[in-house]
Amino acid sequence: MNRSSNIKLLNYNKKYDFIIIGGGASGLGCALDASSRGYSVVLLEKFDFCKGTSSRSTKLIHGGVRYLEKGQIGLVYEALKERDILKKNASHLVKQIGFLIPVYNYFIKFYYYLGLKVYDFISGNLSFKKSKIVNRNSAIELVPNVAKEKLKGGVVYFDGQFDDSRLGIDIALTCESHNAILLNYMSVESLIKKNGKIKGVVANDSVNNNTFSVLGENVINATGVFSKSIMNMDSIKLESVIRPSQGVHLVIDKSFLKGSFGILVPKTSDGRVLFAIPWLDHVIIGTTDSIVDKPSFNPLATQNEINFILENIKNYLEVYPNKNDIKSVFVGLRPLVASNSNSKSKDLSRKHKILVSDSGLVSVIGGKWTTYRKMAEKVIDLTLKNTDLPFVKCNTSNLKIKNGLINIDFSKESLSDDFFLSKELIIHYVENEMALNLDDIMSRRSRCLFLNIKESIRIAPKVVQIMSKELFKDEVWVKDQLQSFYNLTNINKI
Ligand SMILES: Cc1cc2nc3c(=O)[nH]c(=O)nc-3n(C[C@H](O)[C@H](O)[C@H](O)COP(=O)(O)OP(=O)(O)OC[C@H]3O[C@@H](n4cnc5c(N)ncnc54)[C@H](O)[C@@H]3O)c2cc1C
């Protein structure tokens with residue numbers, strides 16, 4: 001992927017079959033679905049691919065065990081089917097991970113076991129291991145750091161785990177192999193209408209500082225929690241409201257949770273579930289669920305949310321982390337769709353919604369990474385129903401996602417001992433994966449900033465020097481990049 005070449009490919013007189021606004025899971029999924037059916041596609045992302053929620057998830061490819069309790073069997077079934085498809089099509093990224101639900105009461109043990117047997121039953125013979133009950137010794141063997149006092153054993157189940165923004169970039173690479181034109185740092189500023197129908201968008205290129213129009217037969221709004229701002233450009237009055245709910249994750253050292261299993265805390269003090277999950281040699285603990293007034297591109301965790309997570313994991317770990325042990329924090333925003341503004345966030349629907357306006361704007365809101373493919377199929381199918389374009393069937397259920405890092409040598413010298421980031425990798429991200437800013441490399445191509453803030457700050461000057469050579473940038477640029485990066489890490493300070 002090369003941004004300058006892609007800009008040159010844009011034909012300002014052509015009417016593209018699809019213009020997709022937003023380069024997160026939903027937008028990239030739609031771009032892949034439409035381009036692999038043979039339609040012409042342009043995708044415009046305001047910042048970097050997966051800058052929004054799509055790099056800030058809990059990194060699980062899952063059916064959503066917790067939805068079972070609410071009887072949302074259809075939602076769980078669809079996600080489990082998609083989990084299987086994704087494991088097959090992106091096997092380089094989606095791995096099986098085991099979870100222990102530690103139990104301190106025999107009755108509870110059987111309650112969770114029964115629930116997980118339903119989970120197994122719904123997933124049928126899909127390729128994940130079946131859940132089982134384990135005794136105290138086996139539970140300790142699987143999770144050596146589990147809190148042992150009064151431990152009665154546990155229930156073990158399996159789900160999928162991935163690297164979210166890595167999957168996003170790999171989907172983008174796959175889109176390009178189907179001739180889609182993808183551009184980051186292109187913000188859609190307004191919609192072009194003719195006779196009341198949307199016929200294109202006006203976008204601002206924040207790198208070259210210019211504004212241009214792209215024409216399209218269909219415009220898809222896949223801006224997640226920011227969907228309303230695009231709908232406002234279309235003057236849509238929403239009957240339902242989009243309520244951002246924020247989910248905080250803390251990252252701590254691997255020593256707090258040795259082994260390959262995660263822990264699921266089945267009921268936190270606010271009645272949710274909490275995960276502690278090994279990820280890239282660190283441990284993620286999350287998440288929370290609190291409504292916020294306005295969506296932000298750099299959401300911040302509150303002290304209350306951080307304390308909530310630390311308090312709720314405390315009873316499940318032999319040695320539990322405190323604030324000084326937090327290496328990084330990341331926060332994602334759920335675009336929950338509520339039919340009225342009084343609903344509580346944990347009760348709002350996690351299902352995606354597809355809304356079509358009178359002028360033809362198709363907005364896709366909500367859902368999850370796990371079901372991005374199916375959501376995209378539904379969006380493109382529905383959009384095609386309302387156009388004169390010939391209908392071509394979706395083929396993504398058998399479409400392999402490219403592995404952008406297949407030729408990278410991971411044995412090369414790394415700039416850090418805490419995570420892998422080599423000079424070769426930085427050059428690769430710049431040359432082939434449209435990384436333009438330091439934050440693109442530190443947050444979404446590699447995951448350094450998500451893993452260890454202090455260490456990321458330490459290596460940032462070296463990383464930006466390597467980038468500046470590749471991008472032919474001067475010292476002023478280097479200084480600016482470092483300053484913006486420090487500002488970003490400042491707002492993430494715990
Ligand atoms: C805390 C949390 C944990 C989660 N964990 C999981 C999980 O473990 N597993 C799972 O399957 N799902 C999970 N999800 C759900 C999943 O992450 C989201 O459903 C998914 O990432 C949403 O993708 P999206 O593309 O709709 O939105 P986003 O990723 O937010 O993408 C929207 C994009 O639109 C861009 N944009 C905005 N305005 C404009 C504009 N004017 N012009 C151009 N572009 C614009 C933004 O920059 C952004 O990149 C989680 C969600 C949260 C909040």
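So, the ligand: 36 residues surround it, and the closest are Gly22, Gly24, Gly52, Gly224 and Gly247. A residue is near a molecule if its C-beta atom, placed from the backbone, lies within 6 Å of it. Before I go on, this is a predicted model, where local features need pLDDT of at least 70, side-chain atom pairs count only at pLDDT 80 or more, and totals for chains, interfaces and linings use all residues. Residues are numbered from 1 along each chain as its sequence is written.

What is the shell made of, by class? Eleven nonpolar, 19 polar and six charged residues. Here Ala, Val, Leu, Ile, Met, Phe, Trp, Tyr, Cys and Pro count as nonpolar, Asp, Glu, Lys and Arg as charged, and the others, Gly among them, as polar. At least two shell residues come from each of α2 (25-36), β8 and β16 (328-338). Helices (H or I, at least four residues) and strands (E, at least two) are DSSP runs, numbered from the N terminus.

Staying with β8 (186-194), the loop from there to β9 (197-205) holds Asn195. Asn195 isn't a glycine, yet its phi is positive, about 50 degrees. Is Asn195 buried or exposed? Exposed, with 6 other C-beta atoms within 10 Å. The cut-offs: 20 or more other C-beta atoms within 10 Å of a residue's own is buried, 12 or fewer is exposed, and in between is partly exposed, with C-beta atoms placed from the backbone.

Asn179 also has a positive phi, about 70 degrees. You'll find Asn179 in the loop between α7 (164-176) and β7 (181-183), and because 13 C-beta neighbours sit inside 10 Å, Asn179 counts as partly exposed.

Thr287 is in the loop between β14 (282-286) and β15 (290-291).

Now the inside. In soluble globular proteins, nonpolar side chains tend to be buried together. A nonpolar core here is a set of buried Ala, Val, Leu, Ile, Met, Phe, Trp, Tyr and Cys residues joined through C-beta atoms within 7 Å. The largest has 66 residues, and Cys30 is one of those touching the most other members. Leaving out residues up to four places away in sequence, Cys30 touches Ile20, Ile220, Ala222, Ala376, Val379 and Ile380; contact means C-beta atoms, placed from the backbone, within 7 Å. Another core, of 65 residues, lies apart from that one and includes Ile97 and Leu425.

Terms used
Contact = placed C-beta atoms within 7 Å.
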